[in-house]
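I opened my notebook next to the viewer and wrote down what I looked up, one topic at a time. Follow along if you like.

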Amino acid sequence: MAHALRDRRGPPLLDLIDLKTYFFTRDGVVRAVDGVSFQMHHGETLGIVGESGSGKTMTALSIMRLVPAPPGRIVGGRIMFQGNDLLQLREAQMCHVRGRDIALVFQDPMTAFDPLYRIGEQIEEAIEWHLRLDRKARRARCIAALERVGIPAAPERARAYPHEFSGGMIQRAMIAMALACEPKLLIADEPTTALDVTMEAQIVDLLRDLQRDTGMGLIYVTHNMGVVARIAHRVAVMYAGTLVETAPTKTLFGTPKHPYTLGLMRSVPRVDGDLSERLQAIEGLPPDLIDMPDACPFAPRCPFVMARCWDERPQLRMVGEDHHIACFADV
Amino acid sequence: MTVGSRASFGRLGAQRRAQRRSSMWLDAFRRLRKNKLALAATGLTLGLVLVAVLAPIIAPYPYDQPHFGSSWVFPFRDSRFILGTDSLGRDMLSRLMYGGQVSLLVGVGAELISLVVGVPLGALAGLRGGTTDYVICRLIDIFSALPYIVVVILMLALLGPGLGNIFIAIGLAAWVGPCRLIRGQVLSVKETPYVRAAISMGASQRQLILRHLIPNSISPVIVAAALGIPTKIFAEAGLSFLGLGVRPPTPSWGLMLGESFQFARGYYYMVLFPAVLVALTMLGFTLMGDGLRDSLDPRMED
Amino acid sequence: MADMSSGTLVAVRDLQVHFRVRPSLLTGRGGGWIRAVDGVSLDIKRGETLGLVGESGSGKSTLGLAILQLHRATAGSVEFDGRELTRLRDDELRPIRRKMQMIFQNPIGSLDPRMTVQDIVEEPMVILGVGTPRTRRERVNELLSRVALEPYLAARYPHEFSGGQCQRIGIARALAVHPEFLILDEPVSALDVSIQAQIINLLEDLRKEFKLSYLFIAHNLAVVRHISHRVAVMYAGKLVEVATRDELYGAPLHPYTRALLAAVPIPDPEVEERRGRAELHGEIASPLAPPTGCRFHPRCPIAVPECASVVPPLEEKVPGHWAACIRV
């Protein structure tokens, strides 16, 4: 049921059009997000997969307009959220979008909370900023949020300080804080990377349940293919700042078409299935993102590379139902 | 499968970085070069040092040569004595130049003494821990409880007057600063993965200290040393001003200030010039030290 | 399978590594012992890779460090090639250290930032007083080539390299003095997925070429499955299961192992859909105040009242397959 095709009619919740976020450094320009476009609908979980340097985190931060301002800058594109271009908003208006309409869950929960204040106070602060509620109502909402993420004895835990929480608990608290104002879109940036396997499973399932119950959109940024298989309806694969493949989850895992996706699938070890003698690693190194030329960024490592790949950058083209890749080859 | 250093793609950035082959010191030097204020300060300081060092050669007169007919001459009045003369007709310019020697000698010499005493003790405390650390920390506590100048004066009382004793006293009384610093550095470097790795390879304590602990702990100490010199210079000036420092006729800027303080109203130049020089020298070293600290600080630039 | 040229290389018996927690000076409370490793016995045979898995607080990293005598054992023994290590002094350990080396979790952090790659890779030789500067330089070139790095990179500094390359440098360093045994503490966790495969393959090749034995410590069960001959699972300082690779992943006995395997997401949406919820509730046992009896019992789906009072011994339930559980 988690992977049934979502109802794709109706306007998209989020529509990224040719988003470009560049970093201007001493050594050159880093095109962290270089023309990324995708759509997301209500009630859908989009998994954004990539390794370090792929631009997945920067894409998430760009949507929230939280790009570190020097040296980074959003230089182009549009971020259409519920029909409005977020890039046209003034900062003051954007502040009312963040935390309320779009919320972000970070990778390191410990640094998302101020160690000097109680958890409850910090969650209530978010509620106070966005919703004009009186004290009692705020408190009730806060407790409700904590309970919804499965924190036992919520009223007592709300009075605790961040350091009194374990890793898994505080990640739940952060999710509670993100959900406190009932956002339409939740972006989770590698929320389980720092957690143990058993804790990760709990958080992933929690997010899946919450997404199903509230019908909100969920963007889950990760490098873990297994998590994506478990939680996402659709997947977008990123490499070196560009989107290389998007497809519904089953399609992506069943018939990956981009050489990078293929390489990734083959190089990831699994706990089940047949064991091959040797992992098929992707040769070479991830590229240096500075001053990338106009070519396919995967060309140096691609087993299917052709002459054309070095001269122009491939655009997304359709290779199946709802399945797009940015590649000149036919794999 | 050979993998070079990112040379497979994105050539430009990689090449640029490859050309700027870097080490910590080269990077620091590059950053320092960009810091205009620090460069100016370094220039100023070097200039002062140069003048002081070359004083015997470039000073127009010996510092203790009186000219009885030409005492109390104002600056820019007499072409023989550009900056004027003092009560005994001694040339101000020459005395100021030689005075620079004293200040720098004390400043740098005392700083070196504080390092020679403080660094080994701090490194030992950080590395050994346990009782050694406890004892040294208590010593630090005791010395920190007394004001610096009081300790200096106490030591001078024990050692007696004289230029040599002054910089020993000023230096020794300040051993606590570098000691604490390096102890902190050593404590944190000790826990790093690469030190663990070295231990797992079987490195002896001596090898650890020489190969890893000292090179990785040294930069804050260098900065602190640069910033500590002005304090020492000021201490010497202050002591000489009070009459507890160098003995006349050795010209120290502080001593010159002390001798001419009473004449400040009428003969302002005798007070102004030494004071300005003390201030400039301190400023020069301080800004240079600041620049050094900023340049040695690994900043996240890309 | 493993090259079983001769028997056991490393033998750990009833090893305990406890850390003292000082009570607060003000209140006098809060003292106690962290039982990081609490009575672990295992063998590592020549030519094999023993995988050691566990989550945080399991004690697996501490165990690795304790075998190398970087943490001194509170009790128990560690034998390497027949020699007992825990009672040796540092200078007696040094010649043995040559034969056991470690690869660390943080690839960049385990390299001294002020040293060049040349200095770093030759350091084991320098520490042990082996070779001359020229022979060392040649050996470094040889080692760098073996880990697929260009020899001219020897003049560079660690911060100029990527994580994967730093790990290769670390591997080159570990091989410098011809060790027999390598402890790899999460060697690929900090690396990108596509680089992990490269390093894993490299490690496998090196093991075969130099006839090494590995203790591969990781929390990533999939990676461990790929590289290990036998696998041991730790929880809260104790071993809960030891078996051959295929046995452990195919027919796990201990409820914790099963829960762990059930929690690992599989990159296959069809499989994931069929799996349903596979959660283990609760928090990992605290090493400061572990539960009585079986440490896993508060979270165990098949626990019975007896589990709270009996510490299950690690027993051979099936030939070659040990588990610490009274219900299996």
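My entries on chains A, B and C follow.

**Ground rules.** I am working with a predicted model, where local features need pLDDT of at least 70 and side-chain atom pairs count only at pLDDT 80 or more, while totals for chains, interfaces and linings use all residues. Residues are numbered from 1 along each chain as its sequence is written, and chains are lettered from A and ligands numbered from 1 in the order in which they are written.

**Chain C as a whole.** I started with the inventory: chain C has 10 helices and 12 strands. Helices (H or I, at least four residues) and strands (E, at least two) are DSSP runs, numbered from the N terminus. The radius of gyration of chain C is 21 Å, close to the 20 Å from the globule rule for 328 residues, so chain C is as compact as a globular protein of that length. That radius is taken over C-alpha atoms, and the rule is 2.2 Å times the number of residues to the power 0.38. Along the principal axes, the C-alpha atoms of chain C fill a box of roughly 65 × 55 × 45 Å.

Next I looked up burial: 52% of the 328 residues of chain C count as buried. Buried means that 20 or more other C-beta atoms, placed from the backbone, lie within 10 Å of the residue's own. I also checked contacts, meaning two residues whose C-beta atoms, placed from the backbone, lie within 7 Å. Of the contacts in chain C with a separation of 6 or more, 64% join residues 24 or more positions apart.

How many of the residues of α1 of chain C are buried? Eight of the eight, across residues 60-67, so this helix is largely enclosed by the rest of the structure. Among them are C:Lys60, C:Leu63 and C:Ile67. Just after α1(C), C:Gln69 takes a positive phi of about 65 degrees.

Then I turned to chain A. Helix α1 there covers residues 56-63, and eight of its eight residues are buried, so it is largely enclosed by the rest of the structure. The buried residues include A:Lys56, A:Met58 and A:Ile63. Just after α1(A), A:Arg65 has a positive phi of about 55 degrees.

**Strands around β4 of chain C.** Strands pair if DSSP finds at least two bridges between them. β1 (residues 8-21) and β4 (residues 75-80) of chain C run antiparallel and are joined by five bridges. I found C:Ala11 opposite C:Glu79 of β4(C). β4(C) also pairs with β5 (residues 83-84), antiparallel over two bridges, and there C:Phe80 has C:Arg83 as its bridge partner. The hairpin of β4(C) and β5(C) has two residues between the strands, and C:Asp81 takes a positive phi near 55 degrees.

**Where chain C touches its neighbours.** Which helix of chain C gives the most to the side that touches chain A? First the totals: 36 residues of chain C are in contact with 39 residues of chain A. The answer is α6(C), with six residues. By class, this side has 19 nonpolar, seven polar and 10 charged residues.

Towards chain B, 24 residues of chain C are in contact with 23 residues of chain B. α3(C) supplies the largest share of that side, four residues. This side divides into 14 nonpolar, three polar and seven charged residues. For these classes, Ala, Val, Leu, Ile, Met, Phe, Trp, Tyr, Cys and Pro count as nonpolar, Asp, Glu, Lys and Arg as charged, and the others, Gly among them, as polar.

Notes. A residue is buried if 20 or more other C-beta atoms lie within 10 Å of its own, exposed if 12 or fewer, and partly exposed in between; C-beta atoms are placed from the backbone.
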